[in-house]
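Please find below some notes for a colleague who is meeting this structure for the first time. They take up its pockets and then its salt bridges.

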Amino acid sequence: MSKKKAEPAGELALIQQIRSTFPAGRSTAVTLGIGDDCAILRPPGGQEVVVTTDFTLENRHFRRDLHPASSVGHRCLARGLSDIASMGAKPLAAFLSIALPGTMLTTARGRQWMAEFFAGMRSLARRHNTPLAGGDTSQSPGDLILADIILIGAAPTGRSLRRSGARAGDLLYVTGSLGGAHAELTALKTKRRSQARGSEVHPHLFPQPRLSVGAYLLHHRLATAAIDLSDGLSTDLTHLCESSRVRAEVDAAALPLHPLTSRLDPQQAMHAALNGGEDYELLFAADPGTPIPRRIAGVPITSIGTLLPRNARKPLLTLRTADGSSAPLRAAGWEHFVS
Ligand SMILES: [Mg+2]
């Protein structure tokens, strides 16, 4: 069966575009970057390597009519960086494989989209010192943009934060605020685009991975377990509880709601915070005797609940409300777009 490839000229131009957008920096970890059969990485001495991979699929994770290309590039990298942050690790390098419809290489509009995609990715990559050290390009078999990003990070050997280290009695904390990504996406879908600029008001389009917080937690040995909030608090807390063999009680009144959720009714705002997903904040557990700063690297830290011993007769997650009642909280995280 013959393989239909992108126009060589178009593909070569794309590779050239990637190389000029992401010039080899002064990273000490990347011994050899784009341009050979493999990249060569050298993690710092005494560190172990952490690896994560994330798809970014058109109509599943983004829509070309809703998301500016710069946001798609930013979010593609942010998803991987957020996983690195949750381990307390520092990023060493990113690798991007991308499949594109032929029109993205042959039309001015397509080339413009790609330039903005790479600019969005580059801006976040620079902020977090993450060189693009390789990848692959191909023509998409359909009309969809499909990308897969791999992030390589490093953390002191044996000390990466995991989901599995929490104990009954630990307190639960989140960084930043919750529900903003869902609230902004709701506004985008109903064409109520925010006029304001800046990352603080674009928690969906330009989420900020909490690398400094993760690294601080690891360095100061503050957290017993951590996970990033990609799928939503209810789902990601379920993962943490299952891995650590504990259950959790969450205090609804303590949840730090993002200001954008004030556009929603109270019930929707709570849904956005618990299940909205894609906030890319960190959820972590810490021993109650460990003092946790109110802010780390400028990011507010909020205590939202407690971990308790597993009990077969009690739900894995419980939500305590302001009136003192409590109800089971089911994992009902974001399922992305359904095409
Ligand atoms: Mg994750």
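1. Helix 1 (8-21), strand 4 and strand 5 (132-139) each give at least two residues to the lining of the second largest pocket, where helices (H or I, at least four residues) and strands (E, at least two) are DSSP runs numbered from the N terminus. Strand 5 supplies the largest share of that lining, with six residues.

2. This is a predicted model, in which local features need pLDDT of at least 70 and side-chain atom pairs count only at pLDDT 80 or more, while totals for chains, interfaces and linings use all residues. Residues are numbered from 1 along each chain as its sequence is written, and side-chain values use heavy atoms, with hydrogens and water left out.

3. The second largest pocket has a volume of about 370 Å³. Among the 19 residues that line the second largest pocket, Ile 34, Gly 35, Gly 134, Gly 135 and Asp 136 are the closest to its centre. A pocket here is an open set of points on a 1 Å grid over the protein atoms alone, where a 1.4 Å probe fits, with protein on both sides within 12 Å along at least five of seven lines, and lining residues have an atom within 4 Å of a point.

4. The largest pocket holds about 540 Å³ of space. Of its 23 lining residues, those closest to the centre are Ser 27, His 128, Asn 129, Thr 130 and Pro 131. Strand 4 (90-100) and helix 4 (108-127) are the elements that give two or more residues to this lining.

5. The whole structure contains seven salt bridges, each defined as a side-chain nitrogen of Lys or Arg within 4 Å of a carboxyl oxygen of Asp or Glu. One of them joins the side chains of Arg 75 and Glu 278 at 3.2 Å, N to O. Arg 75 is in helix 2 (residues 69-86) and Glu 278 in the loop between helix 8 (266-275) and strand 10 (282-286), 203 residues apart. Both Arg 75 and Glu 278 are buried, that is, under 20% relative accessible area with a 1.4 Å probe and protein chains only, whereas exposed means over 50% and partly exposed lies in between.

6. A further salt bridge pairs Arg 320 with Glu 249, whose closest N and O atoms are 2.4 Å apart. Because Arg 320 lies in strand 13 (residues 317-320) and Glu 249 in strand 9 (residues 246-251), the pair ties together parts that are 71 residues apart in sequence. Arg 320 counts as partly exposed because its relative accessibility is 27%.

Notes. Points joined across faces, edges and corners; volume = space filled by probe spheres on them.
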